[in-house]
Amino acid sequence: MIRITIIAVGKLKEKYFLAAGEEYEKRLSRFCKLNIIEIEPEKLPDKPSDAQIEAAKNAEGKKILQKIPSDASVCALCIEGKLVDSPTLAERIDREATGGAGHRIYIIGGSYGLSDEVKARSDERMSMSPMTFPHKLARIMLLEQIYRAFMILGGGTYHK
């Protein structure tokens, strides 16, 4: 069974995000060993300077990098990543499950994104959309897309 890990900066606190996350975690338990690692975001002032933002991203990046095993395939979710449709995501998960490391890691940064070091460590960069979404919502969207990918792979009726 493929292992999928989501490393995310920040915790889900809102009841509606928690409920959605729990639902997709339950659904995914049939298909993969899912692990979600939450990284504490760096504290920033209300109006941070560019240097403060960069320092925070770098500090968060170091925490993220410590959580990545060397044998995993890593995908960073970032704005400059490639747009991927659901069938392509399914193909990538299938390829990883059948011929790859068997461990796929997705990384979601905080409000200001990911450090260059994390992006450089990634095997792939993926964008969810040209639109901007809150990172907490991005986590739920990613969970849904991973579930959809497994439904595609299994020939389920969920994907239309």
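Glu 14 is partly exposed, with a relative accessibility of 24% (buried means under 20% relative accessible area, exposed over 50%, and partly exposed in between, with a 1.4 Å probe and protein chains only). The model is predicted, so local features need pLDDT of at least 70 and side-chain atom pairs count only at pLDDT 80 or more, while totals for chains, interfaces and linings use all residues. Residues are numbered from 1 along each chain as its sequence is written, and side-chain values use heavy atoms, with hydrogens and water left out.

**Salt bridges: count and network**

- The model has 14 salt bridges, each defined as a side-chain nitrogen of Lys or Arg within 4 Å of a carboxyl oxygen of Asp or Glu.
- Side chains of opposite charge can pair when their charged atoms come close.
- A network of salt bridges links Lys 11, Glu 38 and Arg 139.

**Glu 14 and Lys 136**

- Glu 14 forms a salt bridge with Lys 136, with an N to O distance of 3.5 Å.
- The pair ties together parts that are 122 residues apart in sequence, because Glu 14 lies in the loop between strand S1 (3-9) and helix H1 (15-28) and Lys 136 lies in helix H5 (residues 135-153).
- Helices (H or I, at least four residues) and strands (E, at least two) are DSSP runs, numbered from the N terminus.

**Glu 144 and Arg 148**

- A salt bridge of 2.8 Å, N to O, joins the side chains of Glu 144 and Arg 148.
- Glu 144 and Arg 148 are four residues apart in helix H5, so about one helical turn separates them.
- Glu 144 is buried at 12% relative accessibility, and Arg 148 is buried at 18%.

**Arg 121 and Asp 123**

- The closest N and O atoms in the salt bridge between Asp 123 and Arg 121 are 3.9 Å apart.
- Asp 123 is exposed at 52% relative accessibility, whereas Arg 121 is partly exposed at 26%.

**Ser 73**

- Ser 73 lies in strand S3 (residues 73-83) and is buried, with a relative accessible area of 10%.
- The side chains of Ser 73 and Glu 96 make a polar contact of 3.4 Å; such a contact is a pair of N or O atoms within 3.5 Å, where within protein one must be able to donate a hydrogen and the other to accept it, and residues adjacent in sequence count only if both atoms are side-chain atoms.
- Leaving aside neighbours within four places in sequence, Ser 73 is in contact with Glu 96, Ala 101, His 103, Arg 104, Ile 105 and Asp 123 (contact means heavy atoms within 4.5 Å).
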